Amino acid sequence: MKIENIILIACSFYGFTSCYEDKGNYDYMAMNDITVSVNTENDSYALGDKLSVTPELTFAMGQETSELSYTWTFDGQLIGNERNLDWDVNILGTNKDLRLAVLDNTTGVTYFGEKTITVSSSFATDSWVVLSEKDGKSMLSFLRYQTEDGKLKPVVTRDLYGVGNGGESMGSQPVSMYPHWTNRWDGEDNTSWLWISQEGGQGAVDLSGSDWTREAVLSDLWLGNPPADFVPAGVIDMQVLTLAVSKDGKIYTRIKDSNLLFNSSQFLNRPLTSDEEGMVTVDGSMIAYSRFDEHGGLLLYDKNSHKYFHIGDYINWDGSVYANKVMSLSVNENTYAEHPDWARLDDMDGYTVHYVGAHRDAAWRGLQYAAIIEKEGVLYLQRFVVYDYYGGKQSTIGAELIAQTRADVLKSVIDGTNHFAIYRYDDSADFPPYLLISKGNELYYYDGTSCNLAATFPAPITSFDTEYYNNTRIIVGLENGDVFILNGTRSYIDSTVMRGQSFTVGDSGNDEDFVLYHDKDFGRIVQVMYKWKESWNESFF
């Protein structure tokens, strides 16, 4: 075999690069690849928010490349060209990408980092709302959550009704407000709307939570003429059932055609009655309002029959609707055999019920309730569970009385003029979450054993609310038009108020760890509350 053939075969076997010298002259550049991480403080923002992001850039070679260019976009629209983003949010978008493109000008390679966020209307967000009367007119105000330099500083919009309705006046003599939703994940609008009840003007009105336009007037939603003696005290929308409560305590109801629509049916003009009580009219002046719609209804204490009722509101998986059913509580007789002196949930005759409120714990055995009751001058804390309603035509619903203990420490606090609010969700204590009680201009914390003065305010307290995430913020409204937002975290309250420390709240000298925010001049405050945007309920109380 010729030597040339041997060489050719060898080259084929080992590869040509092993046999021939490479005469090329190449410059190889090591790639300093960049990993871009974009993290935001929140997943949701509102128009007008300030969004600041300092991206994290990680370089493969451990040393930062100097020739870099930056392009920030949201939903494909340019919003910045600096490395750090400081953006006054001005683009709407649901689950859209906030993206940073980093161009290495040396290599021409672009690297990307992104975070999915939602930007909604400045009103279509979680917020505090304040219902008040100023200069003889109803006024609704909006306190959108915002911080500056680490401190709470909400963006305040006054007269929401005028903003959404061409400057019109909402009415006068405001009484109450209740938020409502459609199906938790779908429906007419996934932003909570707000029923405002007034004794004057146009009465009760339903307002869009997205732009505050008036969407319905209660007086137009009756099947026939409204009851002659009806004066709106509250309108409470559940999944399919709506309760319109009159000032005299009577309840009028409607069943919506769909839980995906808000005002799709009309109210009956006859009051709600209990069948088992011989068609006795049910009194709705003490409803244990809660957002736990998976409970299948609401509990109330009926002053006419002296017992608790559960008003059913449930939609089955097949679309069957079970609503407007008045059910008394079915009790375990063994409990009363062991504790014959405890009040019966199915017959509270002889007792005065000062308050009943709902809360959830980790047990998920139903919804828990705490009530302050009184008999012959002795106060008691009554605790019980009502099991969730899953439909059916039964006249009773299961309940379990947990305990009835004397509450002598409340003797100097309860006087019949009090306001109450309970921490809605907290499984860190044996007692239900803290119960807050106001007396005049004083605010108290009660834990089932001790009742401690938390704060003294410059005017009488007219309303307060604990509905912020995990009860960590408490909003308080005063008769003189002042609004305060307080630190409600359990760790803070445990280390201060429940150890005997109280605060005097005023214009100056406030403890900044306790008073997180103060504003004034809202008029006579009727109600304050934290308004959730969407119907996520069980996780946040």
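Modeller: Rings of Phe, Tyr and Trp, the last by its six-membered ring, form a pair if their centres lie within 6.5 Å. In this predicted model, that rule gives a count of 33 aromatic pairs. A pair of aromatic rings is described by the distance of the centres and the angle of the planes.

Consider tryptophan 128 and tyrosine 145. Their ring centres are 6.3 Å apart and their planes stand at 35 degrees, so this pair is tilted. Tryptophan 128 belongs to strand β10 (residues 127–134), while tyrosine 145 lies in the loop between β11 (137–144) and β12 (147–148); the pair therefore ties together parts that are 17 residues apart in sequence. Tryptophan 128 is buried, its relative accessible area being 0%, whereas tyrosine 145, at 32% relative accessibility, counts as partly exposed.

A second pair is formed by tryptophan 222 and phenylalanine 230. Here the centres are 5.2 Å apart and the planes are at 70 degrees, so the arrangement is edge-to-face. Tryptophan 222 is buried, with a relative accessible area of 4%, and phenylalanine 230 also counts as buried, at 14% relative accessibility.

Trp128 and Tyr145 also belong to a cluster, in which ring pairs link them with Tyr468, Tyr469, Tyr530 and Trp532.

Aromatic rings meet charged groups as well. The charged end of arginine 490 is placed over the ring of tyrosine 434, 4.4 Å from its centre. Arginine 99 lies over the face of phenylalanine 112, at 5.5 Å from the ring centre.

Terms used. Residues numbered from 1 in each chain as written. Predicted model: local features only at pLDDT ≥ 70, side-chain atom pairs only at ≥ 80, totals over all residues. Heavy atoms only, no water. Phe/Tyr/Trp six-rings, centres within 6.5 Å; stacked < 30°, edge-to-face > 60°. Helix = DSSP H or I, 4+ residues; strand = E, 2+ residues; numbered from the N terminus. Buried < 20%, exposed > 50% of the residue type's maximum accessible area, 1.4 Å probe, protein only. Lys NZ or Arg CZ within 6 Å of the ring centre and 35° of its normal.
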